[in-house]
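Please read the points alongside the displayed coordinates.

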Amino acid sequence: MTSFIYAEDKNKRYHSWNYALRQQFGGKIFKLVIDGGFDCPNRDGTVAHGGCTFCSVSGSGDMILAPEDPLPIQFEKEIQRMHKKWPTVDRYIVYFQNFTNTHAPLKEIKERFEQVIHLPGVVGLSIGTRPDCLPDDVVEYLAELNEQRYLWVELGLQTTFEETSRLINRAHDYQTYLEGVAKLRKHNIRVCTHLINGLPGETAEMMRENVRRTILDSDIQGIKLHLLHLMRNTRMLRDYHEGRLQLLSRDQYVEITCDQLEMIPEEIIIHRLTGDAPTETLVGPMWSLKKWETLNAINDEMLYRDSYQGKFNVRKEEAAHVGNCSAF
């Protein structure tokens, strides 16, 4: 049986976020999700109106416990919720998740981040944003934070295909993403790229290509693979009702995700392989509500294949291809 060096559990064949944090800090770390009170340039008219067609009114923050509360209160409430299951954990990464958390003047960004960064037990920040919201002064500030704390910047890409990007009203192109990664990596800031499987019109081959391009074209340290959740009161419902969107079955999602894991270099951290959505607003796929069954199915499929993350590492395969071509 194949072993995988970036896992403590012999049945897990990918480099999980939980494993990476245990290696970094020597124990379990909570990732506490809060609403930073930011807007999105794709909603307020800076680049477009209406937002991405899949995005809910909460800006993908549907699972945040108390989004209207002051940031330190949100922090305390999230700790209380987490401690019901893990009462002894006392170190935290604060995750600014929803909307675009660098879409504001630098003074406002600093004021919000620094409300939480010095709270007891906080060892790091994870900042969700768009690649078109990284002006130089903000990147310089992120570079300062990176010297003080464990920092990740999560860039929403969703797809590398321009036709899909236009269809979902993403309002930035792939080149903007590549430039955003380069700006962050110039300062050695860790980058996690977010991709969605199951977007309208994308085939399984296109989803695999999204991963291949992302890995080959950008210097990232983490990746999130996320199932498309079709939510009520989103513009994407029209695509669904008009037949332009076919929701993935769990078997399809598991197969595609395992194919993608095989392509991703083993040192890249897998921050997520699926996601959460509130039952009351989810249109589908309803099987996604059973998150642990999906994760277990991914583990089982990798074991069945006797495979692991990076088995078909696209960087190594590309290097070998270039080497073979240069020999002629």
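1. Helices (H or I, at least four residues) and strands (E, at least two) are DSSP runs, numbered from the N terminus. Pro285 lies in the loop that joins β9 (282-284) to α10 (291-305). The peptide bond leading from Gly284 into Pro285 is cis, with omega near -5 degrees.

2. This is a predicted model, in which local features need pLDDT of at least 70, side-chain atom pairs count only at pLDDT 80 or more, and totals for chains, interfaces and linings use all residues. Residues are numbered from 1 along each chain as its sequence is written, and side-chain values use heavy atoms, with hydrogens and water left out.

3. Most residues other than glycine have a negative phi, and most peptide bonds are trans. Asn169, in the loop between α5 (162-167) and α6 (174-185), has a positive phi of about 60 degrees although it is not a glycine.

4. Asn233 also has a positive phi of about 60 degrees, and its place is the loop between β7 (230-231) and α8 (236-241). Asn233 counts as exposed because its relative accessibility is 69% (exposed: over 50% relative accessible area, 1.4 Å probe, protein chains only).

5. One cavity of 30 Å³ or more is present; a cavity is a set of points on a 1 Å grid over the protein atoms alone where a 1.4 Å probe fits but cannot get out. Grid points are joined across faces, edges and corners, and a volume is the space filled by probe spheres set on the points. The volume of the largest cavity is about 40 Å³.

6. Residues lining the largest cavity include Leu157, Phe161, Arg170 and Tyr174, where lining means having an atom within 4 Å of a point.

Key: 1 Å grid on protein atoms, 1.4 Å probe; cavity = no way out; pocket = protein on both sides within 12 Å on 5 of 7 lines; lining within 4 Å. Buried < 20%, exposed > 50% of the residue type's maximum accessible area, 1.4 Å probe, protein only.
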